[in-house]
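Hello,

Here is the structure I promised to pass on. Please open it alongside this note.

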Amino acid sequence: MHCEGREGMKELQYDVLVIGAGAAGLAAALEVSRNNASCALVERESHLGGILIQCIHNGFGLEEYKEELTGPEFAERQVQAVRAADVDIFTDTTVTQLNAENDRKEAYCYSAVYGVLRISVRAVILAMGCRERNRGNIRTPGTRPAGVYTAGLAQRLVNIEGYIPGQDVVIVGSGDIGLIMARRMTWVGAKVHAVIEIQPYPSGLTRNIVQCLNDFDIPLYLSHVVSRIEGKQRVEKVQVSPLTNGIPDEENSFEIPCDTLLLSVGLIPENELSKEAGMEINPQTNGALVDATMMTSIDGVFSCGNVLHVHDLADWVAEEARRAGAYAVRYLRNERPKRQIRIKAGANVRYINPAMFDPDNPDKLYFRSLIVKNQAKLQIKLDHKPVKEVRLSHVQPSEMLHVKLKPKDVAGWNIMKDSVLEVSIE
Ligand SMILES: Cc1cc2nc3c(=O)[nH]c(=O)nc-3n(C[C@H](O)[C@H](O)[C@H](O)COP(=O)(O)OP(=O)(O)OC[C@H]3O[C@@H](n4cnc5c(N)ncnc54)[C@H](O)[C@@H]3O)c2cc1C
């Protein structure tokens, strides 16, 4: 590390900068340090661990640690490992600008603790996570009373700030955060009247439907929307409408009196910094388009975790981030794949990550289904010819799927320079 001050701005030099210290940033920084590269880890909050800290339920770590942990326990294991490694950690520090077009990349950071920092590095790993969609994103008509929260904010209020946002609750969206909050609000003494889901199937993990709704007799209305929010100062009631051919059916609408509406209506990767840096974004994921080494369209800038695509499990985030960390170090050593071919999402697949495949170093592919199906078949085709099939007992859009390709899978493939690999679900 090299540090000098100039006109109030501290200038620092490292091999790698990791932006964000959630499950992704912590795993990536640890991997960089394990490979003997110098690493700065910058986090805008005063704590490390990102969203994990407010997820006090269990269900974390079964893959990563072969144990069922809570979010803070999962984070604590990662934080201990990073603190024991040679990583310089900057909390309360926000990266506000990334100039990444040159060989040495520069990040400008503002910090209540360190002042203004300019960190100069050869490689950057983006691990900024994602943020919640809100009422503006779903355009629900009605008045604009207090009492409408995103589910993640409500989770933070209850679990970290010790504040219960309301007593009579309706939840919009059956994503995992909404389901977890249905149970959490019940446990803190509130009445959760219903979860309203626009899709004809739940958006969260099956285990969360069972453990967070069914176990507490909380009704789930599929193919329904909250079509109106009513209230003067505070929310007083919501109107719920079934969908007929995708349109709210006013005649069969009903009202639910409530003082709180929690929105769990999706997450958006936090890529403002990436977009300003000129990065190509995948419209399917709202994350960067990455090659087989997790490198974005900007040379030397890598992406992983929820800022790349929204994950369901922290374990997958950590696994993916380790790969990004390892590839960033290979990049420092000028080790690049000899060849890469394009991977494309085929029938019933929403997206596939990464978007390129290195036949000499086959690795894990993450993807999401567009359909709900039992006994589905994953098919991989090379230039329209089937090369691998995998049976999947159940697929649904809310559960991230993955397949690991091994050198023996690829051995007999006739790969040309412009070959395309296609992943589909039948
Ligand atoms: C309610 C809920 C329940 C969940 N339940 C489970 C579960 O049961 N099991 C499971 O395995 N997973 C679960 N998950 C998923 C898992 O927790 C996340 O996918 C994972 O922790 C995300 O890690 P991340 O590092 O990508 O993002 P985050 O944890 O969001 O970390 C990103 C970090 O980047 C920082 N940052 C952003 N921009 C900047 C910037 N410009 N400068 C500096 N820092 C910045 C943020 O402050 C944040 O700390 C759950 C998630 C939620 C929200």
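Below is what I found, by region.

This is a predicted model: local features need pLDDT of at least 70, side-chain atom pairs count only at pLDDT 80 or more, and totals for chains, interfaces and linings use all residues. Residues are numbered from 1 along each chain as its sequence is written.

The sheet. Five strands form an open sheet in the order β28-β26-β33-β30-β31, with mixed pairing. Strands are DSSP runs (E, at least two residues), and helices are runs of H or I of at least four, numbered from the N terminus. Two strands pair if DSSP finds at least two bridges between them. Strand β30 (residues 373-382) runs antiparallel to β31, with 9 bridges joining them. Leu-382 has Lys-385 in β31 as its bridge partner.

Val-387 counts as partly exposed because it has 17 C-beta neighbours inside 10 Å (buried is 20 or more, exposed 12 or fewer, with C-beta atoms placed from the backbone). Leaving out residues up to four places away in sequence, Val-387 touches Ile-380, Lys-381, Leu-382 and Trp-413. Contact means C-beta atoms, placed from the backbone, within 7 Å. The C-alpha atoms of Val-387 and Asp-409 are 8.1 Å apart, at 22 residues along the chain.

The helices. In α4, Ala-151, Gly-152, Ala-154, Gln-155 and Val-158 meet Ile-177, Gly-178, Met-181 and Arg-184 in α5.

Best wishes

Technical notes: Contact = placed C-beta atoms within 7 Å.
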